Amino acid sequence: MAAGARKLWLPAGTAVLALALSLQIAVAERERLARSAFWRPAVERLCLLASCRLSAWRQPDAFTPVQQAVAADPRQAGVLRVQLGFRNDAARPQPWPQIEIALTGIDGETLGLRRFTPAEYLNAGQAAEIRPGQTVSVEIALQETSGKAAGFAFDFH
């Protein structure tokens, strides 16, 4: 092997090994990297090549409330019907969020708090994800035992 070829072999071999190491790190850290809107597209392409899986894109703060109402259920004593309408303002489809509802008293104190999973509030046959810009509505029944609820607050997780 000529001296010139040997001089090229070392940098080329180092570059190939550095690239292989970078790809291994990216695959190993794919979930952390994929939580970033900047890195997500690159990690998705990498997973296509490497046959790896990513968890669904989640950006709960991109769910924007558009309608909310609470009313006593006329058929069941002590049950409140919470109706929420919200829109996915994320740039990507998202799975249905967990919805946290807090009942508050007249002085603002929290009387009760519960987080509902999609399985608890969705009807069968609904799409697994909410498209960007799509507005959806859900209704959740709450047992209100104190009779002192004056308001409510909700959050998405």
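The link between C47 and C52 is left-handed, with -100 degrees about the S-S bond. In this predicted model, in which local features need pLDDT of at least 70, side-chain atom pairs count only at pLDDT 80 or more, and totals for chains, interfaces and linings use all residues, the two sulfur atoms lie 2.1 Å apart. A disulfide is defined here as a pair of cysteine sulfur atoms within 2.5 Å, and by this rule the count comes to 1 disulfide. C47 and C52 are both buried, where buried denotes under 20% relative accessible area, exposed over 50%, and partly exposed the range in between, with a 1.4 Å probe and protein chains only. Residues are numbered from 1 along each chain as its sequence is written, and side-chain values use heavy atoms, with hydrogens and water left out.

The chain contains 4 helices and 8 strands, assigned as DSSP runs numbered from the N terminus (helices, H or I, at least four residues; strands, E, at least two). In sequence order, these elements follow the pattern α-α-α-β-β-β-β-β-α-β-β-β. Strands of a sheet pair through backbone hydrogen bonds, either parallel or antiparallel. Two strands are taken as paired if DSSP finds at least two bridges between them.

Strand β2 (residues 79-88) pairs with β1 in the antiparallel sense over 9 bridges. Within this pairing, A71 has R81 in β2 as its bridge partner.

Another open sheet of 3 strands has the order β5-β4-β8, again with antiparallel pairing. Its edges are formed by β5 (110-116) and β8 (151-156); each has a single partner strand, so one side of each lacks a neighbour in the sheet. The twist averages 15 degrees from one strand to the next. Strand β4 (residues 99-104) is joined to β8 by 6 bridges, and the two run antiparallel. In this pairing, L103 stands opposite F152 in β8. Antiparallel pairing of β4 with β5 likewise extends over 6 bridges, with R114 in β5 as the bridge partner of I101. Together, β4 and β5 form a hairpin with 5 residues between them, and G108 in the turn has a positive phi of about 90 degrees.

Overall dimensions were also computed for the chain. The radius of gyration is 25 Å, whereas a compact globule of 157 residues would have a value near 15 Å; the radius is taken over C-alpha atoms, and the globule rule is 2.2 Å times the number of residues to the power 0.38. Along its principal axes, the C-alpha trace spans about 90 × 35 × 20 Å. Of the 157 residues, 26% count as buried. Among contacts (heavy atoms within 4.5 Å) with a separation of 6 or more, 60% are between residues 24 or more positions apart.

Key:
Axes fitted to C-alpha atoms, helices over the stretch in contact; angles between N-to-C directions.
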